[in-house]
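This report describes the sheet and the pockets of one protein model. The sequence and structure are shown first.

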Amino acid sequence: MIHIRPAVVPSDAHALAAALLRIREYLRPWEPHRAERYYTAEGQAERLTDGGERWVAVDGDAIVALATLSGIVEGPFRSASLGYWVDPAYAGQGVATQLVAEVCRGAREELGLHRIEARTMLDNHASQRVLAKSGFERIGTAPNYLHIDGAWRDHHLFQRILHDDPPPHP
């Protein structure tokens, strides 16, 4: 049974590294080039200190999906950028949609964010469906947005407005 858990902790580094190593070739067409250290527990432990907020989907002891909010900005912007992956063995089972829903809930209720942005390569239709089901709207296309799998790739840009409340007063 899949369980969504917020607050990835340093002790998750081994399970994250194992998951990323297991699905490395599957992710290659959608990921930037990664140094070998990225696929180690040490590399993941370092990554967990980058200031991002993370949620995982777990099946027993295995991490089968990860979502990250990065570039979190407070103040009047109250926004972050969403990235996620799902183990291909769990694709098409609603795991990504459940994970993104939980991220949006946490972003609003716990982090007090107003907006989340996401991006996909133009041909990543599965991820675009997840974002649409999760209330994101496409707001544009950015040419040569990220260097992925050896080339600069165009990306569709999406956002979800979480609420219209004013930001908290300092």
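How many bridges join β5 to strand β7, and do the two run parallel or antiparallel? In this predicted model, β5 and β7 (residues 151–161) are antiparallel and are joined by seven bridges. Within β7, R160 is the bridge partner of I116.

## Sheet and packing helix

The open sheet consists of seven strands ordered β1-β2-β3-β4-β5-β7-β6, with mixed pairing. The edges are held by β1 (2–6) and β6; each has a single partner strand, so one side of each lacks a neighbour in the sheet. From one strand to the next, the twist averages 25°.

Helix α1 (residues 13–22) packs on this sheet and touches β3 and β4. The direction of α1 makes about 105° with that of β3.

## Largest pocket

The largest pocket holds about 1000 Å³ of space. Its lining comprises 40 residues, with E31, G83, Y84, W85 and S127 nearest the centre. Elements that give two or more residues to this lining include the helices α2 (24–27), α4 (95–109) and α5 (125–133), and the strands β3 (62–73) and β6 (137–148). The largest share, six residues, is contributed by β4.

By class, this lining divides into 19 nonpolar, 13 polar and eight charged residues.

## Second largest pocket

About 210 Å³ of space lies in the second largest pocket. It is lined by 14 residues, and R28, P32, H33, R34 and Y39 are the closest to its centre. Helix α2 gives the most to this lining, with three residues. The lining of the second largest pocket has five nonpolar, three polar and six charged residues.

Key: Residues are numbered from 1 along each chain as its sequence is written. This is a predicted model: local features need pLDDT of at least 70, side-chain atom pairs count only at pLDDT 80 or more; totals for chains, interfaces and linings use all residues. Side-chain values use heavy atoms; hydrogens and water are left out. On a 1 Å grid over the protein atoms alone, a cavity is a set of points where a 1.4 Å probe fits but cannot get out, and a pocket is an open set with protein on both sides within 12 Å along at least five of seven lines; lining residues have an atom within 4 Å of a point. Grid points are joined across faces, edges and corners, and a volume is the space filled by probe spheres set on the points. Helices (H or I, at least four residues) and strands (E, at least two) are DSSP runs, numbered from the N terminus. Ala, Val, Leu, Ile, Met, Phe, Trp, Tyr, Cys and Pro count as nonpolar, Asp, Glu, Lys and Arg as charged, and the others, Gly among them, as polar. Two strands pair if DSSP finds at least two bridges between them. Axes are lines fitted to C-alpha atoms, for helices over the stretch in contact, and angles run from 0 to 180 degrees between N-to-C directions. Contact means heavy atoms within 4.5 Å.
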